[in-house]
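Subject: Structure handover

Hello,

Here is the structure we spoke about, with its sequence. My notes are below it.

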Amino acid sequence: MKVAALLALCLATVSSVASAYPITGNTVNCRSGPGTSYSVKKSYKKGANVKITCQTSGTSVNGNNIWDKTSDGCYVADYYVKTGTNGYVTKKCGGGGSKPPSGGKIPGPMKNDYPYKG
């Protein structure tokens, strides 16, 4: 039983270390969704290590349409992350992020059209 616990701890440690990759661009934007139309949440400097929690497809950057979701909760173009491959290195993201902004329009106005008056 102790061996199984030790093995699980070792695997958890290896998997957390293995999913950190260096940024290759000088300043790389981390966005709210997987594409260049999403807002910038933060930026990473060249050489900074990012932990990838999942990957999804999005806007193509220099022929690569994979976007990496970081442990910070934002997305960077995989083109700027040195993963050692042009393919997926971890699981695919579930929802792919939120929809891009629609020009700031909010649906409405809301009105009370319920027939009950009382």
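Predicted model: local features only at pLDDT ≥ 70, side-chain atom pairs only at ≥ 80, totals over all residues.

Disulfides

There are 2 disulfides, and with bonded cysteines counted along the chain they follow the pattern 1-3, 2-4.

One is formed by Cys 30 and Cys 74, with the sulfur atoms 2.0 Å apart. This link is right-handed, with 105° about the S-S bond. Cys 30 sits in strand E2, while Cys 74 is in the loop between strand E5 (64–70) and strand E6 (75–77); the two are 44 residues apart, so distant parts of the chain are linked. Both cysteines of this pair, Cys 30 and Cys 74, are buried.

The other joins Cys 54 to Cys 93, also with an S to S distance of 2.0 Å. Its torsion about the S-S bond is about 95°, so the disulfide of Cys 54 and Cys 93 is right-handed. Because Cys 54 belongs to strand E4 and Cys 93 to the segment after E6, this pair ties together parts that are 39 residues apart in sequence. Cys 54 has a relative accessible area of 8% and is buried. Cys 93 counts as buried too, at 12% relative accessibility.

Nonpolar cores

The largest nonpolar core has 10 residues: Tyr 21, Ile 23, Val 28, Cys 30, Tyr 44, Val 50, Ile 52, Cys 74, Val 76 and Val 81. Strands E2 (27–31) and E4 (49–61) each supply at least two residues of this core. A second, separate core numbers 6 residues, among them Val 61, Trp 67, Ala 77 and Cys 93. Nonpolar side chains tend to be buried together in soluble globular proteins.

Cys 30 is a member of the largest core as well as a disulfide partner of Cys 74. Beyond its neighbours within four places in sequence, Cys 30 is in contact with residues including Val 40, Ser 43, Tyr 44, Thr 70, Cys 74 and Val 76.

Gln 55

Gln 55 lies in strand E4. How buried is Gln 55? Leaving aside neighbours within four places in sequence, the contacts of Gln 55 are Ile 66, Trp 67, Asp 68, Asp 78, Gly 87, Tyr 88, Val 89, Thr 90, Lys 91, Lys 92 and Cys 93. Of these, Trp 67 and Cys 93 are included in the second core.

Regards

Note on methods: Residues numbered from 1 in each chain as written. Heavy atoms only, no water. Core = buried A, V, L, I, M, F, W, Y, C linked by side-chain atoms within 4.5 Å. Buried < 20%, exposed > 50% of the residue type's maximum accessible area, 1.4 Å probe, protein only. Helix = DSSP H or I, 4+ residues; strand = E, 2+ residues; numbered from the N terminus. Contact = heavy atoms within 4.5 Å. Disulfide = S-S within 2.5 Å.
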